[in-house]
Amino acid sequence: MSARTATTSTAVAALLGGCVLLSAGQTQAAGQTRAAGAGDTPVVYAHRGASAYAPENTLAAVDAADDLGISWVENDVQRTADGVLVVMHDTTLARTTDAEQVYPDRAPWAVKDFTAAEIAKLDAGSWFGAEFTGARVPTLKSYLQRVERNRQKLLLEIKSPATYPGIEKEILRVLRQEGWLDRGHVKHRLVVQSFGAESVKIVHEQRPDVVTGFLGTPAVADLPAYAAFTDQINPSYTTIDADYVAEVQKLKGAHGKPLRVNTWTVNDAEKAARVAGYGVDGIISNNPDLVRDATR
């Protein structure tokens, strides 16, 4: 994730016009409903996997989170030139692979300009540490299989959806093919989020049963419009306080349950304790074990 400029009320009205709140009788994903009570502790999400301990968005990072006992992992999904969905945060391959060395004449090394076979040749681990040399950029299919093997849960981010028209349908297709849209996964183990409000809206329209999240900090006045098609408002921790969290949680989301707030990216104990004190429902972290320990 990375910060984005807040959407203005006018733009939100234009984008979201015509949305209506859904019936409270529709089902919310189990475990996504905010529990009441002062003793609650936030759910901890491993950001790009446990990315403080293994190269981000690799299978090694998924396993690192599992080794730490973290159930939820977050990832980012993009599309290759030949239509394969891959797990990568940056829209360029340069920072977290050896693309510049392998393909020196292909600047700026945009994910969308490479085929899946070309990306499969890249080393996505040695930049992080020699012990991870040879780690690969996973396809969404292989990533889902690893999360499933570990019996973990997935917070899936649709990355830069404007760059990849139609990616929402393609992600849902792969999720279905891999068994991630059955009742058990949808109710307990899957959330789809994006900084793109229209992208979140598309997912909700195509699969109303799937829990969705909007990444950002909408103005309080705009929150009802988002609540029509999302279940979570997931902002940067630098943009919120207890009052904002309370305003979000006053509203019911698309499945008739209180909107949740999962904040990012919190990587030290002091900040974790502070945002937990705001009443957030979840904290997304590169150091999920540290956050877990600080908020228990």
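pLDDT is the predictor's confidence in each residue, from 0 to 100. Helices (H or I, at least four residues) and strands (E, at least two) are DSSP runs, numbered from the N terminus. This is a predicted model, in which local features need pLDDT of at least 70, side-chain atom pairs count only at pLDDT 80 or more, and totals for chains, interfaces and linings use all residues. Residues are numbered from 1 along each chain as its sequence is written, and side-chain values use heavy atoms, with hydrogens and water left out.

Start with confidence. The chain has a mean pLDDT of 90. Of its residues, 87% reach 70 or more. Among the elements, strand S3 (residues 85–87) has the highest mean, 99. Helix H1 (residues 9–16) has the lowest, 45. Over residues 3–15, pLDDT stays under 50. It also stays under 50 over residues 17–39.

Now look at helix packing. Two packed helices are described by the angle between their axes and the distance between the axes. Axes are lines fitted to C-alpha atoms, for helices over the stretch in contact, and angles run from 0 to 180 degrees between N-to-C directions.

Take helix H2 (residues 59–67) and helix H5 (residues 140–149). Their axes come within 10 Å and cross at roughly 15°. H2 and H5 are therefore roughly parallel (angles under 35 degrees; over 145 is roughly antiparallel, 65 to 115 roughly perpendicular, the rest oblique). In contact (heavy atoms within 4.5 Å) are Leu59, Val62 and Asp63 of H2 with Ser142, Tyr143, Arg146, Val147 and Arg149 of H5.

Helix H6 (residues 167–177) and helix H8 (residues 197–206) cross at roughly 50°, with axes within 9 Å. That makes H6 oblique to H8.
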